[in-house]
Amino acid sequence: MSQIKHNKAQHNRAQHNQQQPAEPFLLLPENEFAYTALKELTTPGKSPKGRLVYLHGPSGCGKTQLGLSFLQEMKKQYPDINSLRITASQFGADYAEATDANVIDEFRQTFADVDLFICEDLAALEQRLSTANLLTILIDQIYHSGGRILLTAHSAPGKLNGVPVKLVNRCHGGTCLKISHPERASRIKLLEHFCEYDNRPLSSAAIEMVAAELAVSPRELRAALLQIHASAEGNKITEIDIPFVQQFLAAETKRVKPTLSQITRVVAKQFGVSVAAIRSRSQTVDITQPRQCAMLLARKMTDLSLRDIADYFGRRNHSTVIHACNRFEKLLTTDSRLQLLFRNICDATGGEIPD
């Protein structure tokens, strides 16, 4: 049983390594310095010690995309490189599994020969000292063996709460760079980039209107563009004109993000269970699936932290939320019933939800 759990943890990390960017990376003024710093990581160094870059910025600003672009570039230059890309939450979940299975030494050994290590969203380790301490040890191990390290988070190292001083110092010891949300000119470039990649053209006037009205992250811009095209297709509109875009933007700017309790009530109604059951400790399939669904929607539709979501559902830690979301997303790929329920819930939470 212990070996099975350990193999599962290894498989989870392998899946992270195999992920590829959704589309080519777009260089913008807001990410140019960070891009340049990461390019320097790809060049051979004379020092036997490694190199570390700490990248921080708000959610959706492009940290993950930049990291994936860097990973691809490293693999092109060094085809035999041993790389490992993982989120801090998944690292914590794998560490917890290794602890339960009593295979800590084997878990640590999987990091022994890593040449390139990418760990995303360090804030997930706030108040998790033992996990953060182990991560610090492994970072030192990779660094002193000459490896390259990329760490990302929402905030600067000194603003991480409940993280060991040693880890903060390691981050400060590297190159610390910030990525901000794109300005209007960059938002126009991003929208043009997305339209070209998706082969779904939009007029220059429409693009400029969206860029002017939605001062949001690249991720949110992409979502808005997809919604515009989906709405046009749903209404059988072949040419998206300015009035249609204006109507969409008017509705978008008025839209209020649903709360966690509102999401849970909609999920409970669709699945035919009670809110109390979803928030209970029950592990039966008829309760775990709606709970997983609610957790996934909470991650996608709110700005709540993983810890906040875990607390609401009475879970032990936020690694449970990560596992639940991954599990439900996997089920959605094969279960048509869940796909229909999920679409209905998304439609309901996207509109007005009764108090």
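Analyst: In strand β4, L151 is the bridge partner of Y54. Strands here, and helices too, are DSSP runs numbered from the N terminus: a strand is E over at least two residues, a helix is H or I over at least four. This is a predicted model, in which local features need pLDDT of at least 70 and side-chain atom pairs count only at pLDDT 80 or more, while totals for chains, interfaces and linings use all residues. Residues are numbered from 1 along each chain as its sequence is written, and side-chain values use heavy atoms, with hydrogens and water left out.

Strand β1 (residues 51-56) is joined to β4 by six bridges, and the two run parallel. Two strands count as paired if DSSP finds at least two bridges between them. Strands of a sheet pair through backbone hydrogen bonds, either parallel or antiparallel. β1 also has four bridges to β5, again parallel. There, Y54 stands opposite C176 and V53 stands opposite T175.

Five of the six residues of β1 are buried, so this strand is largely enclosed by the rest of the structure. Buried means under 20% relative accessible area, exposed means over 50%, and partly exposed lies in between, using a 1.4 Å probe and protein chains only.

The open sheet has five strands in the order β2-β3-β4-β1-β5, with parallel pairing. Its edge strands, β2 and β5 (175-178), each pair on one side only. On average, neighbouring strands of this sheet are turned by 15 degrees against each other, direction ignored.

T87 stands opposite E120 in β3. Four of the five residues of β2 (residues 83-87) are buried, so β2 is largely enclosed by the rest of the structure.

Helix α4 (residues 88-100) lies across β2 and β3 and runs at about 95 degrees to β2. Helix α7 (residues 165-173) packs on the sheet, touching β1, β4 (148-153) and β5, and its direction makes about 100 degrees with that of β1. Contact means heavy atoms within 4.5 Å. Axes are lines fitted to C-alpha atoms, for helices over the stretch in contact, and angles run from 0 to 180 degrees between N-to-C directions.
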